[in-house]
Amino acid sequence: SLRPNVGRTNSYEYALFGWALEELVGNLRIANLAATFCTLLWVLFSWVGKLIFLQLHQLVLLGYLAILTASLFLVEVMGYYRQQLSSRGDLGSTHTSVMEERLRDQLGLLFHPAGKAAYLLFLAILCWAMDGLMLGLIGGVYACSALGYVYAFNTYPEFRRAGATPRATPS
């Protein structure tokens, strides 16, 4: 049902895996953080091998993957930090606001659910193009996360309107 004063869904009848919207977005964020961390570690160690064996086309793809993954990692860490601050009732410092504002200016696509889903799908395709088991699994995590964002975008109208991660409101 909808609370008429704020328009937020407070029911679990549409919940995927029994998660409400805030829980779904939080779990997608954790999955993205884990996948980006694994991707960055894999890129770091495999880059040296590709350089030694002069596989230049793979080096270029690894470079793109590292840059795109690092940008997603920054956005997700910032979102996780803001979620922790808002759950404690703390608004954070002005440095936090300035950093988030700069990230929104530079990486605005990642702050909208549809844009983040498209970005994650692109990362999944890039991982699958690298032809490795580990990156194939990580690409699967990115694809599942993209489907989760598409589901949240289509199911929850407040997520669509907000264009950002919803914040918990006191009842």
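## Burial and surface

A residue counts as buried when its relative accessible area is under 20%. By that cut-off, 38% of the 171 residues of the chain are buried. The model is a predicted one.

The accessible surface of the chain amounts to about 9900 Å². Carbon and sulfur atoms contribute 68% of that area.

## Fold

Six helices and zero strands make up the secondary structure of the chain. Along the sequence the pattern reads α-α-α-α-α-α.

Among contacts in the chain with a separation of 6 or more, 66% join residues 24 or more positions apart.

## Helix α5

Helix α5 covers residues 133-155, which is 23 residues.

The buried residues of α5 are L135, I138, G139, Y142, A143, S145, A146, G148, Y149 and A152. The spacing of such positions can be read against helix geometry. With 3.6 residues a turn, residues three or four places apart in an α-helix point the same way.

## K50 in helix α1

K50 belongs to helix α1, which runs over residues 21-52. The relative accessible area of K50 is 19%; because the cut-off for buried is under 20%, K50 is classed as buried.

Leaving aside residues up to four places away in sequence, K50 is in contact with Q55, Q58, L59 and L62.

Technical notes:
Residues numbered from 1 in each chain as written. Predicted model: local features only at pLDDT ≥ 70, side-chain atom pairs only at ≥ 80, totals over all residues. Heavy atoms only, no water. Helix = DSSP H or I, 4+ residues; strand = E, 2+ residues; numbered from the N terminus. Expected span 1.5 Å × (residues − 1). Buried < 20%, exposed > 50% of the residue type's maximum accessible area, 1.4 Å probe, protein only. Contact = heavy atoms within 4.5 Å. Areas by Shrake-Rupley, 256 points an atom, 1.4 Å probe, with all protein chains shown as cover.
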